Every structure is written in structure tokens, then in C-alpha cells.
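Student: Could we go through this structure together and set each value against the definition behind it?

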Amino acid sequence: MDAMTLLHKRSSMGKLGAPAPKGEALEAIYQAALRAPDHKELRPWHFIEFTGEGRERLGELYAEAEFQADPDASDTVLAAARKKPLRAPMVIAVVARVTPDVPGVPRLEQVLSAGCAGHGILLAAHAQGFGAMWRTGRYAFDPVVHKGLGLDENDELIGFVYLGTLGGRHKPVAEHDTADFVERWD
Ligand SMILES: Cc1cc2nc3c(=O)[nH]c(=O)nc-3n(C[C@H](O)[C@H](O)[C@H](O)COP(=O)(O)O)c2cc1C
């Protein structure tokens, strides 16, 4: 796939089955993430990869977050939380690991850099024939989940990227009119 086709045609895939990327394909995905633009080379990136039973441990954290928020949460709610990370064979938590108080590189810039790393994961997965989808949902912002993942106050959990093999067709890519988004000062 040529680069412009990839940039124009990448799309998200919610239904993902095995196999997940592994070996060289997975390494290529991380290397794409690590090419994110990065002011002052702070490397504000951290990835936590969940596969196999690791996804179940993540689901337990989600259920714990539900329980802490509402000790009366029903078994149905807790079971639904546990199942969420099982929607794909691999989930990568993308964390912006922010270095505080860097002159000229505010927190926002470092979080944006991690966002670009997340996009790199989506693009590199698509380029190699895998499916991926970036999800947050309320668990990405829950302190119980953050603590369970060992994050601290300088970390921002910016998303969970679900990865696997397409369980269907890519949905049609939305077409946008450039003029709706671009203002030109000639
Ligand atoms: C930061 C971020 C968080 C997102 N969180 C969710 C989510 O929790 N659930 C969801 O269905 N889509 C979420 N999305 C949107 C999907 O990843 C996807 O971009 C959207 O469905 C459009 O599909 P496309 O990427 O093929 O254009 C999120 C996107 C971003 C950038």
C-alpha cells in the first residue's frame, strides 16, 4: 500500500478477531508509533500491551472501577466491564508520560505527541493488513484503572487501541470536503 493511500483510506474496525499482530509486524507497529513528532525529544510515550489473560486482568480493573463507583453495581454491569477488553486479541494502552515543567514544551504538546504515536499504531496496523480501533470510554479516565496500571500524576491514559484481524469489511471511509475545514490566507 502506498503512503498516500494509507493516509487517505485508513479506517477503524470494531470487530476484530485473531490473530493479533506479533513478531516483526508488531515491532513495525511500535516503530511507527515511536516516529511520532516529539518536541525536545522527551519521548513522552509508554505502551502497555494486553494479550491473552492480560486482557482479563484489564477487565478485572474495569470491574473494580465500576464497583468503586457504585458498590451496588449489578452482576450484569460488572460482567460487561470484564468483557470489554476481550473485544480484540490485543489491546494497547497508549499513555502520555509527561515530563513536567519543561520550558517550551507544555503538557499539551506531550499529550499530542502521544496522540500521534497512537495514530502511528493505527496506520501501521492498517498498512500491514490488521484492523485497529482507538477507544477510550470512561475507564480510560478512571483513577482506579490508572492506579491498577501503575500510572502516576504525570501520566495521561489517552486511549486503548484494540488490534486484531478484520472480522468483516472496513466500513466506507467518510468523505470530507476540504473547503469545510481549511481557511486560506493568500
Ligand atoms: C481519542 C479517541 C477516543 C475514542 N474513543 C472511542 C470510544 O471509546 N468508542 C468508540 O466507539 N469510538 C471511539 N473513538 C472513535 C473511533 O476510534 C473511530 O475513530 C471512529 O469510529 C471513526 O472511525 P474511523 O477511524 O474509521 O474514521 C475514539 C477516537 C479517538 C481519537
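Student: How many positive and negative side chains does the chain have, and how far apart do the centres of the two sets lie?

Tutor: The chain has 21 positive and 26 negative side chains, with 6 Å between the centres of the two sets. Lys and Arg count as positive and Asp and Glu as negative, while His and the chain ends are not counted; each charge is placed at NZ of Lys, CZ of Arg, CG of Asp or CD of Glu. Bear in mind that this is a predicted model, in which local features need pLDDT of at least 70 and side-chain atom pairs count only at pLDDT 80 or more, whereas totals for chains, interfaces and linings use all residues. Residues are numbered from 1 along each chain as its sequence is written, and side-chain values use heavy atoms, with hydrogens and water left out.

Student: Which pattern does the chain follow along the sequence?

Tutor: Six helices and five strands are present, where helices (H or I, at least four residues) and strands (E, at least two) are DSSP runs numbered from the N terminus. Read along the sequence, they give α-β-α-β-α-α-β-α-β-α-β.

Student: Why is the chain called as compact as a globular protein of that length?

Tutor: The globule rule, 2.2 Å times the number of residues to the power 0.38, is set against a radius of gyration taken over C-alpha atoms. For 186 residues the rule gives 16 Å, and the chain has 18 Å, which is close to that value, so the chain is as compact as a globular protein of that length.

Student: What makes Tyr30 buried?

Tutor: Buried means under 20% relative accessible area, exposed over 50% and partly exposed in between, with a 1.4 Å probe and protein chains only. Tyr30 has a relative accessible area of 16%, and therefore counts as buried. Of the 186 residues of the chain, 41% count as buried.

Student: Why is the pair of Tyr30 and Phe47 called tilted?

Tutor: Rings of Phe, Tyr and Trp (its six-membered ring) pair if their centres lie within 6.5 Å, and planes under 30 degrees apart count as stacked, over 60 as edge-to-face and the rest as tilted. Tyr30 and Phe47 are 5.7 Å apart centre to centre, with 50° between the planes, and form a tilted pair. Tyr30 lies in helix α2 (residues 23-33) and Phe47 in strand β2 (residues 45-51), 17 residues apart.

Student: What makes the pair of Tyr62 and Phe160 edge-to-face?

Tutor: Their planes are 70° apart and their centres 5.8 Å, which gives an edge-to-face pair. Tyr62 belongs to helix α3 (residues 52-69) and Phe160 to strand β5 (residues 155-166), so the pair ties together parts that are 98 residues apart in sequence. Both Tyr62 and Phe160 are buried, and together with Tyr139 they form one aromatic cluster.
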